[in-house]
Amino acid sequence: YFLIFITSYFLFGSIRTQTSFLYLCSLCFIVLLGFGTMEFIQQISLSERNILLFSSNPIPAGSLLILLSIGPIILLEQTKSNWEKFCWVVCLLLGAQLIILIAKKGPSLALVTMIALWMIIKRKRLKYFLLTHRDLL
């Protein structure tokens, strides 16, 4: 745990590296969205030839989408322009749709958690309360 703490402390010490990490998470999220959508379209049109990234074991795929969604969620709150916010909202809605298409209980529950996390971040007063009262965490 100490190695993880030291590594994250030095890697995320500046705002620039934090923003780069969020964009990296968002890029991976978008790539997985495209790949998962392509897999579902391929399963509908060509049933004999399947890519089984999402459908062979959907729980890790849904969990990975949930974990990577933190990038678009935080970037949605940090952006000022409307077109960027629109792009992040569409990206998150497509991610939610893909998680629903996976249709398993674990990813669906994680989707509810993702929405709750977005609501917590949206309420800045609650975020500041949690940051100032670390003994509650």
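The paragraphs below go from the whole chain to single residues.

This is a predicted model, in which local features need pLDDT of at least 70 and side-chain atom pairs count only at pLDDT 80 or more, while totals for chains, interfaces and linings use all residues. Residues are numbered from 1 along each chain as its sequence is written, and side-chain values use heavy atoms, with hydrogens and water left out.

The protein has seven helices and zero strands, where helices (H or I, at least four residues) and strands (E, at least two) are DSSP runs numbered from the N terminus, and the pattern along the sequence is α-α-α-α-α-α-α. Of the contacts (heavy atoms within 4.5 Å) with a separation of 6 or more, 59% are between residues 24 or more positions apart.

Of the 137 residues, 28% are buried, a term for under 20% relative accessible area, with exposed meaning over 50% and partly exposed in between (1.4 Å probe, protein chains only).

Helix 2 spans residues 15-45 and contains Thr 19, which is partly exposed at a relative accessible area of 26%. The C-alpha atoms of Thr 19 and Gln 78 are 10.0 Å from each other, although 59 residues separate the two along the chain. Leu 24 also lies in helix 2, and it is partly exposed with a relative accessible area of 46%.
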